[in-house]
Amino acid sequence: MDSTAPTPQNTPTPSIPLAVTDQQNSALLDDTLALLNNGVPEKADQRGLGEIERWEQVLRASERPGLAKIIQELATLNQQLSTPDTAAHDLAETLATLGAETVKVADESSDDYSGPLTQLGKLLIKMGSSLSR
């Protein structure tokens, strides 16, 4: 068999990790901060779910250590927001944990993301606190 022959059309393409530039990371961070600075999005708001999914993809593609807990909490948040009867205190707990983990990553970061990540983490904690009241 000739090894230079084209591969059949039904051969699955290997999964290529998502490459994310610094500019795309900054844009995602800016988008999320803008969304959350407008207050807690309505539960049915698809834009919020879209942001969560974008973060999950970007963090899974990242080579930075210590993101597993954030990815797990994002998946939990996505599930909670997609379920109509999620209790506010459960949502508040997930947001607070997500915020605390984000601040932890920001503290360990030595690049331009430290400030915006800290801001995002504090915003998530504040949102969690407002939901738990």
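Helix 4 (residues 88–108) contains 21 residues, and 30 Å separates its first C-alpha from its last, close to the 30 Å expected at 1.5 Å a residue. The expected span of a helix is taken here as 1.5 Å times one less than its number of residues. Helices are DSSP runs of H or I with at least four residues, strands are runs of E with at least two, and both are numbered from the N terminus. The model is predicted, and local features need pLDDT of at least 70, side-chain atom pairs count only at pLDDT 80 or more, while totals for chains, interfaces and linings use all residues. Residues are numbered from 1 along each chain as its sequence is written, and side-chain values use heavy atoms, with hydrogens and water left out.

Which residues of helix 4 are buried? The list consists of Leu91, Ala92, Thr94, Leu95, Leu98, Gly99, Glu101, Thr102, Val103, Val105 and Ala106. Buried means under 20% relative accessible area, exposed means over 50%, and partly exposed lies in between (1.4 Å probe, protein chains only). These buried residues of helix 4 pack against helix 3 (68–82) and helix 5 (114–132).

Stepping back to the whole fold, the protein has five helices and zero strands, giving the pattern α-α-α-α-α along the sequence. Of its 133 residues, 33% count as buried. Contact means heavy atoms within 4.5 Å. Among contacts in the protein with a separation of 6 or more, 61% are between residues 24 or more positions apart. The accessible surface comes to about 8700 Å², and carbon and sulfur atoms account for 53% of it. Accessible areas were computed by the Shrake-Rupley method with a 1.4 Å probe; for residues, only the protein chains shown count as cover.

Helix 2 can be read in the same manner. Its 16 residues should span 22 Å at 1.5 Å a residue, and its end C-alpha atoms are 23 Å apart, which agrees. The buried residues of helix 2 are Gly48, Leu49, Glu51, Ile52, Trp55, Glu56, Val58 and Leu59.

Next come the charged side chains. Side chains of opposite charge can pair when their charged atoms come close. A salt bridge is a side-chain nitrogen of Lys or Arg within 4 Å of a carboxyl oxygen of Asp or Glu. By this rule the count is five salt bridges. In one of them, Asp31 meets Arg54 with an N to O distance of 3.2 Å. This pair links distant parts of the chain, with Asp31 in helix 1 (residues 22–37) and Arg54 in helix 2 (residues 46–61), 23 residues apart. Asp31 is partly exposed at 31% relative accessibility, and Arg54 is partly exposed at 33%.

Arg54 also forms a salt bridge with Glu51, where the closest N and O atoms are 2.7 Å apart. Glu51 and Arg54 are separated by about one helical turn because they lie three residues apart in helix 2. Glu51 is buried, with a relative accessible area of 7%.

Another salt bridge joins the side chains of Glu56 and Arg60 (3.5 Å, N to O). Both residues lie in helix 2, four residues apart, about one turn of the helix. Elsewhere, salt bridges that share partners join Asp31, Glu51 and Arg54 into one network.
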